[in-house]
Amino acid sequence: MTSSARLWHYLTRYVDNFLLVGLLLLMLVGLLVLYSATDANLSRVSNQLINMLVALAIMWLVANIPLQHIMRLAVPLYMIGLILLIGVALFGEIQNGARRWLNIGVTRIQPSELMKLAVPLMMAWYFDKHEVTLRLRDYAVATLLLILPLLLILRQPDLGTTLLIASSGFYVLFLAGLSWRIIAGLLIVGLGSLPVLWAMLHDYQRRRVMTLFDPTQDPLGAGYHTIQSTIAVGSGGLIGKGWQQGTQTHLDFLPEKSTDFIFAVFSEEFGLVGNAALLLLYLVVIGRGMMITANASTQFTRLVAGSITLTFFTYIFVNIGMVVGILPVVGVPLPLISYGGTSMVTMLLGFGILMSIETHPKLVKT
Amino acid sequence: MRRSAELRNHGRELHHFQRRLAVSVGFVTLLFCLLFARFFYLQVSQRDHYHTLAEANRISISPVVPNRGLIFDRHGEVLAHNYSAYTLEIMPSKVTNLEATINELASVVEVSGRDRKRFKKLLGESRKFESLPIRTRLSDVEVARFAANRYRFPGVEIKARLFRQYPKGEGASHVVGYISRINTQDLKLLETSGDFANYRGSDYIGKIGIEQSYEKELHGITGSEEVETDAAGRAVRVMSRNPPISGNNLKLSLDAKLQEVAEQAFGERRGALVAIDPTSGDVLAFVSKPGFDPNLFVDGIDSENWDLLNNSIDKPLNNRALRGLYPPGSTFKPFMALAGLELKRRTPQYTISDAGFFSLPGTRHRYRDWKEGGHGSVDLHKSLVISCDTYYYGLANDLGIDKIFSFISQFGLGKLTGIDIDGEVSGLLPSQEWKMKRHQQKWYAGDTISVGIGQGYNLTTPLQLAFATAILASNGTAFRPHLVKQVTSSKTGEIRNIVTEPLYTLNLNPDNMAHVHKALVDVTRPGGTAARAGAGASYSFAGKTGTSQVIGMKQGEKYVESKVNERHRDHALFIAYAPAEKAKIALAVLVENGGHGGSAAAPIARLVLDYFLLGKLPAGAALETGDDGEGVHD
């Protein structure tokens, strides 16, 4: 083996090529749409490119960590995350009316972001430990592990993150075999507690929900985002207005067009055909994630891989659903396409774990 | 055993998990299908609807205001033009705290107290959602400074606009008038006249003078633009354009230089002068002193200047030539003389013996002549040259009010002349019918006597007097007096004359006319009441002096000019035309409280005639020469 071939082998040993190609294609689409959404602002685009490269590097690092190590990290990560969340509640900095950030001297961090992975890891770890004798009590404990950070994050308030962590935790419970009867029961309890939840919501959150049902109620306020993004998507038609030709985008009718509403830009310029292609591309990545999940050898890896994959899907569905006006406006980015470093890193960290699960020698329980 | 159970358990668990995973795949697929269905609904079924919405978002139709027509004098000198300049405008509806915004603006561009007052006044009169100028004529430096600070001022914008300017300032201000911002009252008028659509986007409208009466010609036809706008309402680019049609240019019959000579001849005195070309009805000069600076009104006048103009006892905003009513005094006599001749109540040779007063037969009331002791023997010629009152008392009595009225009204007195600016008042030539209607009183013989010398109920505007003089000068041909000579269509370049045909021609005996002309020429010659003003004239200068009383004198009381309050002194009048045998110009001069017509009004007429007929500038006159074509838009 030549040294370059050895290097190549060393670099790609723990990388899942199929997944990598899918992710890179999505990122490429992301850069193209961002270029249009920012009105050809190359500095924003190159910033995003740097975000991607950093996130890819982190993904590669994580992919190289064997699963046992990751599993060992689950409890400390969760504990640290929980402590930081309490720290936020006590000493957090307020920005845009929400207490999400914690200043730890060197920099500011958003502990809820850490919990997006720490919670499913912790829950999967717990189920793995009690694999042999799973009882109702175990599901209750796992649920408690989920609810504790959720309450803290909901208080910040951060509806988007709460939703994502809740779903990632629910996926773990669901894949761990939570009985359908309990799921149905939970659903009923959930619906029953809606009025209570409604009372807990902040005014702006309530407005978001209200305007979902009728965006025209507040066309220049809370409804403005949805109305303009729906117009952008609808006016894109079958094949779109062409790259960089979206009028809603380029005449600034679209709000948040490079971040949460970037799908409207894509949809306006590439139409139904582009949307279908993008959904297909996402489906390929999700499908690969499902395959990795199916092939995973331990309870922990199965649950983690499944939860990561389904959470990735949740991001996509919630974001696009919001842009096309079937879900309320919540701050959820479109994975790998929305501008922003944090979500890019979180996302690819997850895919790093998936790759690690797929490429490291599988442990068979003996 | 335990191991196998565990294995079996493990297998079952794996099976269980894979079922759950399959459910998940189904869940994902289902929701993606839901998304796709929504895409299909939005992008295929409802595509046209959203396309329309997107187009409505980005395209707005905005009016393009036409350039207002220019106003020139008869020789092409500019009297009203447009220039482009930057204004700083505030949309009050988009600003929460106007006061604070203006204070902050003042730190970037100069905003004077006068600007603030003007803005406040505009605000009170403005239409909703209108953008109002806080500052006009910004310098390049100020434009740059504001542009750098623009982010601090939402609702405040710099706009390039065309401004109206009147280069002559006070000169001819009562003729040209001014435009000013459209107010709610104008809007109502536009709505009823059906011109509202054409004023979409227009901020200005003519308020008085020619700017008002020729508003339809000057305004032009508003165009439109399809403009692509961004979310902030800023125009990004023009998609299509239906260009506006500029307003038509007006060429006045007014001679700006003559006007200037006349205005300067008044000096600080109040009064009016109207000069008409008797062969066409062209108004050559139209002076009302004092004037005002129409430029003050264009962007809304501030309250300080407004009070100054409005409350001045000199009433500079009052158009005296058009609306001032004065007894014609002795300038009425030539018309009386002609009536006497034409109606065969007098012959040129008929002579009276003037003892200084006239009494109606069988009464003792004395109608006094202005000269104590009278003028001795007076015929028609002398009666005009020395302005004998007694002669006309008798003549009036002989003619009777009905004949006076019907004959003299042919000269346009007591009626609107129909001049082409608004606001003219009709004056008064009394008649039996009028007195009955107005005062429910019958006409007394005594009433006729004072009418004969242009007093009594007689009231005329300087314009009417000039019109009557023009008819006299042209031996009976009446042209409607007009300030605008030609309208040039900006679209076709076609030139249209306002007046081409005479209104009517009186059938007057040339011999009678010759007698009157000769007498009026002698008025300005040695022995005449205007001899001093006529001295050395190289053309035949026909004129008639007049003095009209401001306060009545009691029987036996004597008027002493020096003892009377300045504002109660007599008005000085003078009518003139020249050259008498074929008049090119006829005019009427009025000097308020000027005293005697011969000394106060006739010299002004002389200066005007000298300039018009000989091109001679008055001594010491410094007239502006040449026009500054700078920044003229058409």
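Which residues is B:Thr547 in contact with, leaving aside its neighbours within four places in sequence? I took this up first, bearing in mind that the model is predicted.

**Entry: B:Thr547**

I placed B:Thr547 in strand β21 of chain B, which covers residues 542-548. With neighbours within four places in sequence left aside, I listed its contacts as B:Gly329, B:Ser330, B:Gln455, B:Asp570, B:His571, B:Gly595, B:His596 and B:Gly597. I also looked up B:Pro328, which is 219 residues from B:Thr547 along the chain; their C-alpha atoms are separated by 7.6 Å.

**Entry: nonpolar surface patch**

I found a nonpolar patch on the surface made of A:Leu238, A:Ile239, A:Val273, B:Phe36, B:Phe40 and B:Val44. Together these residues have about 550 Å² of accessible area. Helix α1 of chain B (residues 2-45) gives the most to the patch, with three residues. I checked B:Phe40, which lies in this helix. I noted B:Phe40 as partly exposed because its relative accessible area is 40%, between the limits of 20% and 50%.

**Entry: three-stranded sheet in chain B**

I read the strand order of an open sheet in chain B as β1-β8-β9, with antiparallel pairing. Its edge strands are β1 (59-64) and β9 (235-242), each pairing on one side only. On average, neighbouring strands of this sheet are turned by 30° against each other, direction ignored. Helix α2 of chain B (residues 47-58) packs on the sheet and touches β1, β8 and β9 of that chain. The direction of helix α2 makes about 35° with that of β1(B).

I then followed strand β8 of chain B (residues 223-229), which pairs with β9(B) in the antiparallel sense over six bridges. I noted that B:Glu225 stands opposite B:Arg241 in β9(B).

Methods: Residues numbered from 1 in each chain as written. Chains lettered and ligands numbered in written order. Predicted model: local features only at pLDDT ≥ 70, side-chain atom pairs only at ≥ 80, totals over all residues. Heavy atoms only, no water. Helix = DSSP H or I, 4+ residues; strand = E, 2+ residues; numbered from the N terminus. Contact = heavy atoms within 4.5 Å. Patch = residues over 30% accessible without salt bridge, like charges linked within 9 Å, V, L, I, M, F, W, Y side chains within 5 Å. Areas by Shrake-Rupley, 256 points an atom, 1.4 Å probe, with all protein chains shown as cover. Salt bridge = Lys/Arg side-chain N within 4 Å of Asp/Glu carboxyl O. Buried < 20%, exposed > 50% of the residue type's maximum accessible area, 1.4 Å probe, protein only. Pairing = 2+ DSSP bridges. Axes fitted to C-alpha atoms, helices over the stretch in contact; angles between N-to-C directions.
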